[in-house]
Amino acid sequence: MERPELPLQQLHAFVVLAEELHFGHAAARLGIAQPPLSQQIRRLEDKVGHALFSREPGRVTLTPAGRELLPAARRALTDLADGLEAARAVGSGRAGRLRIGFAASLALTVLPGLLRTFRQQFPDVHLDIHEMTTAPQIAALHDKIIDVGLLREPPTDETELGFKTVLSEPFVAVLPSTHPLAAQRAVHVAQLAESPFVLLPRAVGPHLYDQITGLCTAAGFTPQVAQHAVEWQTVCALVGTGLGISLAPASIRHIRLKGVTFRRIEPSAARTRVAVAWRRNDQSPLVAQLLAMAGQGLRDQG
């Protein structure tokens, strides 16, 4: 099919004249003189190859060809107007699609408030949420599978990604409720030396894993890992069965599981951070909006 080359100015003039059926009224509505309007209609008729209007003294009517063209002309103008508005909305960050990766434990802390606030301010933006741990988020950002990540302990050797801390929190000991240390208000890390550990695999969060094992090393022992689990909720569930104990970010206390007790640790100076991550070269206004919002929500939890 031959692609038509119809100037929008001519198409607009045709629709307005078809609605007014009066050259003077149509010209006034378009803000032009009557002769230029007549010229535009003639040029359009030349392209169509048929008259679009029947011109009689004191009367203008649509020809059969004009009546056939009118609905398509209106649709074309409406579609263009809608497309322009959609492009402006996406370009300004008022609409579009934003893909967010998040660590499961953050559904207990920063994620709900951040998403709620974002949706309130930008209701026309579609949020596509993906649950994944830190290492998969880093890979997904590089592969452009997600636009923004919410993760724990971001790597320090990344040059293509940016990171902004949105939450800082201490660690807690995760114990079976029947464990002797559960009776204490606080647990010294060295007291955990004889207990088997349940931890996330290092591959899913290398820096957090190293931070936890570093706490043990500083207390004079190497943790004996009895079981790995990919999510913190699973870690807590396995602790509840008596398989071992764990050290975890304090927000894990929001996971309410029967048979599991959380206790603050000593020394208590160590903290873990949650960061929002993005590609440094990403020019998306949606990413910029979320980063600004995340920065306003910076928190420190004790």
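This is a predicted model: local features need pLDDT of at least 70, side-chain atom pairs count only at pLDDT 80 or more; totals for chains, interfaces and linings use all residues.

Me: Where is L80 found?

Reply: In helix 4, which covers residues 64-91.

Me: And which residues form a nonpolar patch on the surface?

Reply: L8, L80 and L84 do, and together they have about 240 Å² of accessible area.

Me: OK, switching to packing. At what angle do helix 1 and helix 3 cross?

Reply: Roughly 105°, and their axes come within 9 Å. That makes helix 1 (residues 8-20) roughly perpendicular to helix 3.

Me: Which residues meet there?

Reply: From helix 1 you have Q9, Q10, A13, F14 and L17, and they meet L37, Q40, I41, R43, L44 and K47 in helix 3.

Me: Take Q40. Buried or exposed?

Reply: Q40 counts as buried, because its relative accessibility is 9%, under the 20% cut-off.

Me: What does Q40 touch?

Reply: Leaving out residues up to four places away in sequence, Q40 touches Q9, Q10, A13 and I32.

Me: How about helix 2 and helix 3, what's the angle there?

Reply: About 100°, with the axes 9 Å apart. Helix 2 and helix 3 are therefore roughly perpendicular to each other.

Me: Which residues of helix 2 meet helix 3?

Reply: F23, G24, A26, A27 and L30 do, and on the helix 3 side they meet Q34, L37, S38 and I41.

Conventions
Residues are numbered from 1 along each chain as its sequence is written. Side-chain values use heavy atoms; hydrogens and water are left out. Patches are made of residues with over 30% relative accessible area and no salt bridge: like charges are joined within 9 Å, nonpolar side chains (Val, Leu, Ile, Met, Phe, Trp, Tyr) within 5 Å. Accessible areas come from the Shrake-Rupley method with a 1.4 Å probe; for residues, only the protein chains shown count as cover. A salt bridge is a side-chain nitrogen of Lys or Arg within 4 Å of a carboxyl oxygen of Asp or Glu. Helices (H or I, at least four residues) and strands (E, at least two) are DSSP runs, numbered from the N terminus. Axes are lines fitted to C-alpha atoms, for helices over the stretch in contact, and angles run from 0 to 180 degrees between N-to-C directions. Angles under 35 degrees count as roughly parallel, over 145 as roughly antiparallel, 65 to 115 as roughly perpendicular and the rest as oblique. Contact means heavy atoms within 4.5 Å. Buried means under 20% relative accessible area, exposed over 50%, partly exposed in between (1.4 Å probe, protein chains only).
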